[in-house]
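Have the viewer open and follow along.

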Amino acid sequence: MSENKTALIVGATGLTGGYCLRNLLKDDHYERVTALTRSPIPHKNPKLHTIQIDFDRLSNEADLFDAHDVFCCLGTTIAKAGSRAAFRKVDFSYPLAIAEKALAAGAHSFSLISSMGANHNSRIFYNRVKGEIESAISKLGYNLVLIYRPSLLTGSRSEVRFGENIGEILMGLINPVLIGSLKKYRPIPAETVALTMTNQVNVESTGRHIFESDIIVKLSLGTKP
Ligand SMILES: NC(=O)c1ccc[n+]([C@@H]2O[C@H](COP(=O)([O-])OP(=O)(O)OC[C@H]3O[C@@H](n4cnc5c(N)ncnc54)[C@H](OP(=O)(O)O)[C@@H]3O)[C@@H](O)[C@H]2O)c1
C-alpha cells in the first residue's frame, strides 16, 4: 500500500500529537514523517525526522515544510500560555504560518485540531480563536482541509490540568445522559481523535470537512456517520 508520501506534524510532543505521530510512523502511506518541535522527541524511528525550531522565527527553507499531508496538533491554554495574546500565538499564528509555508512548499492537505464550539463570531475568546484559525486555514487554497472539533480530551498527561481534570470528573457523571444529539459533548480520548485524523486524510481527497466529536468517535470505529 506504500504511497511514498511525506507527513509533516506540529504538536507531536503533545497528548493527541503523540498518538498522531505513532500512527503516522506505522502507516505505510508515509515513507517519511517530519516533526517540527520546540522540545526534543525521545523516541527514534528511521522514518522520523525531528527538527527543533523556534516557532517565532520560522525559516523560509522550503525543505523544512516539504510534505504531502500536514497535521497540526499544536495548542495551549490561556492559563498555561500566560495571556490571551500568548494563547492566540500558539493556537492561531503558529498554525497559520505553518499552513502557509507548507502550502507554498506544495502540500496537498492540512488536518487541524480545533475544538468543540469553535466559531469566529463567538463571544468566548477560546472558541473565537479556534473559529478564526479554522476560517483562515480554509481560505488558503489547500486541496483538502480536515478540521476536528473534539470535546474535552482524555488521556494520561504528565502535567496536572486542574480545570480539565474537574471537567473530566463532571462529564463522567453526566455522560450517561449525553445521548442522541448530545453525544458530541462526551469527553473523547485523544487516541481516538488521532486515529480518525490519520485515517481520514487517506479517505477524503478534496474539499473542506469538519468533524464534530461524536462523528470523530464513529469514524474511529469504522462506522459511517
Ligand atoms: N485538552 C482538551 O481537552 C482539548 C479540547 C478540545 C480541543 N483541544 C485542542 O486539541 C489540540 C491538541 O490538544 P492536546 O491537549 O493534545 O495538546 P497538548 O498535549 O497540550 O500539546 C500541545 C502541543 O503544542 C505544543 N506547544 C504548546 N505551546 C507551544 C509553543 N509556545 N511553541 C511551540 N509549541 C507549543 C506543545 O509542545 P511542548 O511539548 O514543547 O510544550 C505540544 O506539542 C489543541 O489544539 C487543543 O486546543 C484540546
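Ala-35 sits in strand S2, which runs over residues 30-37. Keep in mind that we're looking at a predicted model. Is Ala-35 buried or exposed? With a relative accessible area of 0%, Ala-35 falls under the 20% cut-off, so Ala-35 counts as buried.

Leaving out residues up to four places away in sequence, Ala-35 touches Ile-9, Ala-12, Ile-41, Leu-48, His-49, Thr-50 and Ile-51. There's also Leu-8 to look at: 27 residues separate Leu-8 from Ala-35 in sequence, yet their C-alpha atoms are 5.9 Å apart in space.

Zoom out to the protein chain. Among contacts with a separation of 6 or more, 68% join residues 24 or more positions apart. As for secondary structure, you can pick out seven helices and nine strands. The radius of gyration is 17 Å, close to the 17 Å that the globule rule gives for 225 residues, so the chain is as compact as a globular protein of that length. If you're setting up a box, the C-alpha atoms fill one of roughly 50 × 40 × 35 Å along the principal axes.

How much of the protein chain counts as buried? That's 45% of the 225 residues.

Terms used. Residues are numbered from 1 along each chain as its sequence is written. This is a predicted model: local features need pLDDT of at least 70, side-chain atom pairs count only at pLDDT 80 or more; totals for chains, interfaces and linings use all residues. Side-chain values use heavy atoms; hydrogens and water are left out. Helices (H or I, at least four residues) and strands (E, at least two) are DSSP runs, numbered from the N terminus. The radius of gyration is taken over C-alpha atoms; the globule rule is 2.2 Å times the number of residues to the power 0.38. Buried means under 20% relative accessible area, exposed over 50%, partly exposed in between (1.4 Å probe, protein chains only). Contact means heavy atoms within 4.5 Å.
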